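Colleague: I've never looked at this one before. Could you walk me through it and tell me how you know what you say?

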Amino acid sequence: LGVIFGFIFMLLTEEQDKATLYYLGFGSIATSIFCIYTVNFRIKGWRQLSDSPDQAITNAINNAESSKRYLNLCKISGYLFLPAVNWYLYEIAVVSEKSIWPPLIFINLFVASVWGISHYYLLKREKELKQLKSFL
């Protein structure tokens, strides 16, 4: 919500910083799409749950598959976020006449770490899913 409110504020105040306006606009759209998909993944997983003890393995499989979809979405959002943030940092560096390298290195390492953590947990979920399916 903060990104969306920031974008609306920038639109209403008619700031001259076009790069920030474009970045917040992209972020508002991307964040909204990310949240919609995340909620849909979770709702779909929750609807498939059953209180029956006989369905414990099936519930665990459904949760692991939901988690895999979420982790893939995190990785994809990193792919979308990286070009946008690199462009934004370039535009800000040109205007401010400061070195682009420290923020560029930081944000790229941050996105790479988010991607790496997501990938690590995705591999764990795939292994867990394979074990759970062997119980059926």
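Modeller: Gladly, and let's begin with Cys-74, which is buried at 13% relative accessibility. Before that, some ground rules: this is a predicted model, where local features need pLDDT of at least 70, side-chain atom pairs count only at pLDDT 80 or more, and totals for chains, interfaces and linings use all residues. Residues are numbered from 1 along each chain as its sequence is written, and side-chain values use heavy atoms, with hydrogens and water left out.

Colleague: Why does Cys-74 count as buried?

Modeller: Buried means under 20% relative accessible area, exposed means over 50%, and partly exposed is in between (1.4 Å probe, protein chains only). Cys-74 has 13%, so it counts as buried. Cys-35, with 41%, is therefore partly exposed.

Colleague: How do you know whether Cys-74 is bonded or too far for a bond?

Modeller: A disulfide is a pair of cysteine sulfur atoms within 2.5 Å. The closest cysteine sulfur to that of Cys-74 is in Cys-35, 11 Å away, so the two are too far apart for a bond. By this rule the count comes to zero disulfides.

Colleague: What makes Ser-66 buried or exposed?

Modeller: Its relative accessibility is 2%, so Ser-66 is buried. Ser-66 sits in helix α3, residues 56–96 (helices are DSSP runs of H or I, at least four residues, numbered from the N terminus). Leaving out residues up to four places away in sequence, Ser-66 touches Phe-41 and Arg-42, a contact being heavy atoms within 4.5 Å.

Colleague: And Phe-34, why is that called partly exposed?

Modeller: Because its relative accessible area is 23%, Phe-34 falls in the partly exposed class. Phe-34 belongs to helix α2. Apart from neighbours within four places in sequence, Phe-34 is in contact with Tyr-70, Leu-73, Cys-74 and Ser-77.

Colleague: How do you know that the span of helix α1 agrees with what it should be?

Modeller: The expected span is 1.5 Å times one less than the number of residues. Helix α1 (residues 2–13) has twelve residues and should span 16 Å; its end C-alpha atoms are 16 Å apart, so the two agree. After α1 comes Glu-14, with a positive phi near 55°.

Definitions and conventions:
Helices (H or I, at least four residues) and strands (E, at least two) are DSSP runs, numbered from the N terminus.
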